[in-house]
Amino acid sequence: MATYKSPGIDGIYPILLQKGLQHLLDPLCAIYRASLALGYIPQIWRASRVTFMPKPGKTDYTIAKSYRPISLTPFLPKGLEKLVDRYLRSGPVVSVPIHPRQHAFQAGKSTESALHQLVGRIEKALDSREYSLGVFFDIEGAFDNTSCKSIRLALDEWKVHRYIRNWITTMLAHQTILAITETFSISAIASCGLRGGLSPIL
């Protein structure tokens with residue numbers, strides 16, 4: 001994690017964890033193990049501070065879709081999410097691998113590798129004097145509209161350990177968001193919509 005990345009509502013910067021690791025490692029491991037074993041997410045970990053950034057080029061800024069929400073979540077649960085992500089990728093997902101043409105959120109792949117693959121297929125068709133047909137579509141709100149039920153089913157199919165499965169479903173079901181502006185602040189329980197380090201793989 002970047003050393004001085006903006007913290008969540010707990011105010012803990014990554015540098016505190018990085019510089020104090022020798023003192024924090026044992027208690028932090030105990031907290032992580034307890035959270036996983038009990039399927040419990042500490043209250044302070046559940047809350048994300050949300051800032052709404054205007055999307056450029058929009059003509060009407062009175063509608064919600066004209067803004068992109070930026071969530072600032074605490075770094076302690078992010079660390080645990082990274083460990084759970086590593087567990088999923090090195091264990092359950094190995095038996096049900098992610099499609100090789102999935103470029104987003106994959107190590108060694110990016111927008112550039114996706115474009116390179118696409119251009120390669122088009123060039124191959126042109127060289128063979130053939131046609132190349134492309135279909136492009138955008139799934140609106142893919143993360144936001146993913147249901148908790150579908151995630152639970154996928155975790156069952158992957159045969160994810162029940163402690164991890166319970167922890168993930170609890171994390172998704174108990175998220176809260178805190179939005180603060182110059183004139184007001186509001187807190188709300190988030191839907192199952194995904195936001196965070198585990199979002200891509202889930």
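Okay, ground rules. This is a predicted model, where local features need pLDDT of at least 70 and side-chain atom pairs count only at pLDDT 80 or more, while totals for chains, interfaces and linings use all residues. Residues are numbered from 1 along each chain as its sequence is written, and side-chain values use heavy atoms, with hydrogens and water left out.

So, the overall picture. The protein has eight helices and four strands (DSSP runs numbered from the N terminus, H or I of at least four residues for helices, E of at least two for strands). In sequence order that reads α-α-α-β-β-α-α-α-α-α-β-β. The C-alpha trace spans about 65 × 45 × 35 Å along its principal axes. Of the 202 residues, 27% are buried, where buried means under 20% relative accessible area, exposed over 50%, and partly exposed in between, with a 1.4 Å probe and protein chains only.

Back to the opening question. The whole structure has two cavities of 30 Å³ or more. A cavity here is a set of points on a 1 Å grid, over the protein atoms alone, where a 1.4 Å probe fits but cannot get out; a pocket is an open set with protein on both sides within 12 Å along at least five of seven lines, and lining residues have an atom within 4 Å of a point. Volumes are the space filled by probe spheres set on the points, with points joined across faces, edges and corners.

The largest cavity comes to about 190 Å³. Its lining has 16 residues, with W45, T73, E81, M171 and Q175 nearest the centre. For the classes, Ala, Val, Leu, Ile, Met, Phe, Trp, Tyr, Cys and Pro are nonpolar, Asp, Glu, Lys and Arg are charged, and the others, Gly among them, are polar. Helices α3 (43–46), α4 (75–90) and α8 (162–173) each supply at least two lining residues, and α4 gives the largest share, three.

The search finds two. One joins D85 and R89, at 2.9 Å, N to O. These two are four residues apart in helix α4, so about one helical turn separates them. D85 counts as buried because its relative accessibility is 15%, whereas R89, at 29%, is partly exposed. The other pairs D156 with R165 at 3.2 Å, N to O. Here D156 is partly exposed at 41%, and so is R165 at 24%.

Next, the second largest pocket, about 510 Å³ in volume. Among its 13 lining residues, A114, L118, G134, V135 and F136 are closest to the centre. By class, that lining is eight nonpolar, three polar and two charged.

L118 and F136 turn up again in a nonpolar surface patch of about 510 Å², along with L115, I122 and L126. Patches take residues with over 30% relative accessible area and no salt bridge, joining like charges within 9 Å and nonpolar side chains (Val, Leu, Ile, Met, Phe, Trp, Tyr) within 5 Å; areas are Shrake-Rupley with a 1.4 Å probe, and for residues only the protein chains shown count as cover. I122 sits in helix α6, residues 111–127, and is partly exposed at 35%.

That's my tour.

Methods: A salt bridge is a side-chain nitrogen of Lys or Arg within 4 Å of a carboxyl oxygen of Asp or Glu.
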